Amino acid sequence: MQGKELDGRILKRANPKTIQDKFLVGYQGWFTCNGDGEPLDPNHHGWLHWFDKPIPDGGRPNTDLWPDVSEYSPSELYPAPGLKNGDGEQMFLFSSRHSKTVRRHFHWMALHGVDGAFLQRFAGQCDMEAGSAMRKIRDEVGDRVREAAEAEGRVFAIMYDVSGVHPDKIQRVLEQDWMHLVRDKCILDSPNYLREKGSPVIALWGFGFNGRNHSPEVIRSITNFFRSSTPGGAYLMAGVPGHWRTSTSDSDPDPEFLRIWTEEFDALSPWTVGRYGNEEDAERWGNEKVKQDFDFLKQRGDEGKKRVDYIPVVLPGGSGYNLSGGQWGLNDIKRNGGRFLWTQIYAARRAGVRIIYGAMWDEYDEGTAFIPVVSSSKQLPVHPQFNFLALDADGHSLPSDWYMRIVGFAAESLRGDRMIHETFPVKELQDYWATRPRYEDKTAHEEEAEQWKEAQRAYHNWAAKEGGAAVDEAPPPPYRLEDDPHTQSPQTSGALNVRPVPPEATKPTLGRSSSASASFAPPPVPARSPSLTPTSWYQHEFSPSTGSDVNKTEIITPSIGSRIPCARDFFFSHANAFRGGEPEAS
């Protein structure tokens, strides 16, 4: 699954400035285990979504598919209560609260070319007036997702699921929680938060379904809030019923909803899980819904009306027998070795869509997960009461990353890197790693060296503008622990008296000393690559097998013979040379 070693090269990064030409997935991030952190309350058993409660205590599992955890490090795994394999060995599961695990999930996106994820945020868990203890965990997972997206060059955005919240409360809950994310969690400060034409992408899933009694007026008010209260405005995506265009079946029959969808939102993503169950039905849905929906919206745009993007949902299969207590069938929506998923991808691309939403990256609950599932039934837990599924359930022998490979092909098609044909590409998928992963044209070393040159150019341009002579000698080495002023007396610390550089996260600016000229302007600082870690100029290589950074090597530039500092190091260390005063940390 790892493909080839990265060797200091940078995996192709997703562009956070546009939603167009992307394959995006839903990320639930809702699995917790006993011992992975503070539980919901002192009496809670610690398991969420894997079990309703531990099997030895009379509980049941919520999943049919069993995850392949062979690449997770030991520190990421927790013993599954009451479950062993056929050899009597203990089975283990992962937690979505673990930073290594979330990083791993996003690393898999990067390896397979998947652009990023919509982090699911459940409105019912964010109502602080109802005393929801879950919001703290959702915030925690949100922090891990942001960190992983930034580290792996993926994009992310928030998708609110409004299910289960009373229609009279939903506006208040969304408004309060979004302001919490913007102001307290600073989510839009991330360079990897997905935007379209400068506006942050926000998805609202679950309005307008039949029987939910949502008011079109309230939805208009909610969309107005997001646009007016979000810096830069908002690109709003609606997760709508599958029959949104005709206001039938799963859709609220109020015809006003059609105006809501086409006037208040920038993108529509009809929900398809459970709407078809085999390749024949999926092909029919593609012809009758996907193609006609897309053409309907395109024609409106061509006529001068508001342009609305169309984002169809594709899924690999489905099984929710354990989750439903036996009410749904085991392996009810058969994956058929990937052919069911491929039929949906082909239909979407044939219709002309530019964005596809995959449901879901990590949802084992309903059996729609793209991330690894054990290949063989011999790897499954054995229990007298509960049954589980492996990828060979349909008679196909497949590697555990098979479905990530398939959506990797879909992502390549959306970026224009390959053609999608109706025939399922078995041989190409089997040879997937012969030509992957895909890298940026420049290595990490080359990018850092180029940034150093950019820093030099910026400094010289600044010096020329200020009328002074540029300093051509190499800068001193960056701050080291041994240089800490606490370890030296002020009299012996040296004339330059360079201060330690604060971490990148603090986003310092050069202050103005009392002796500085009032017209002084600090030199420009060139932008840094999003692939680089914020507090270090060391080269990092993530190892999927261990979940840790390996081969940590100091970057050396031959022309200078010292570690490459960031531009801020350079300007801080030369502050006295051209300003005559000590830089002030803000």
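Alanine 130 is exposed, with a relative accessible area of 58%. Exposed means over 50%, buried means under 20%, and partly exposed lies in between (1.4 Å probe, protein chains only). The residue sits in the loop between strand E5 (116-122) and helix H2 (134-152). Helices (H or I, at least four residues) and strands (E, at least two) are DSSP runs, numbered from the N terminus. The C-alpha atom of alanine 130 lies 10.0 Å from that of valine 173, and 43 residues separate the two along the chain.

This is a predicted model, where local features need pLDDT of at least 70, side-chain atom pairs count only at pLDDT 80 or more, and totals for chains, interfaces and linings use all residues. Residues are numbered from 1 along each chain as its sequence is written, and side-chain values use heavy atoms, with hydrogens and water left out.

Stay with the loop between E5 and H2. Glutamate 129 is there too, and it links to arginine 172 in helix H3 (residues 170-184), 43 residues apart. Their side chains form a salt bridge (3.4 Å, N to O). A salt bridge is a side-chain nitrogen of Lys or Arg within 4 Å of a carboxyl oxygen of Asp or Glu. Glutamate 129 is exposed at 57%, while arginine 172 is partly exposed at 23%.

By this rule the count comes to 38 salt bridges. One of them joins aspartate 115 to arginine 415, with the closest N and O atoms 3.4 Å apart. Aspartate 115 lies in the loop between helix H1 (99-112) and E5, and arginine 415 in the loop between helix H8 (402-414) and helix H9 (426-430). The two are 300 residues apart. Aspartate 115 counts as buried, at 4% relative accessibility. Arginine 415 is partly exposed, at 34%.

Another salt bridge pairs aspartate 401 with arginine 405, at 3.1 Å between the closest N and O atoms. Here aspartate 401 is buried at 1%, and arginine 405 is buried at 7%. Elsewhere, salt bridges that share partners tie Arg220, Glu256, Arg259, Glu263 and Glu264 into one network.

Now turn to strand E10 (residues 267-270). Which of its faces are covered? Both are: Ala267 and Ser269 on one side are buried, and so are Leu268 and Pro270 on the other. Strand E9 (residues 235-240) runs parallel to E10, joined by 4 bridges. Two strands pair if DSSP finds at least two bridges between them. Glycine 239 stands opposite serine 269 in E10. From E9 the chain passes through helix H5 (residues 256-264) to E10, in a right-handed β-α-β crossover. Right-handed means that, with the strands pointing away from the viewer, the path from the first strand over the helix to the second runs clockwise. E10 also pairs with strand E11 (residues 309-310), in the parallel sense, over 2 bridges. There, alanine 267 has aspartate 309 as its bridge partner.

Finally, the whole protein. It has 12 helices and 16 strands. Of its 586 residues, 54% count as buried. Among contacts (heavy atoms within 4.5 Å) between residues at least 6 apart in sequence, 75% join residues at least 24 apart.

How confident is the predictor? Its confidence in each residue is the pLDDT, from 0 to 100. The mean is 84, and 78% of residues reach 70 or more. Over residues 484-586 the pLDDT is below 50. Where pLDDT is low, the predicted coordinates should not be read in detail.

Note on methods. pLDDT = per-residue confidence, 0-100.
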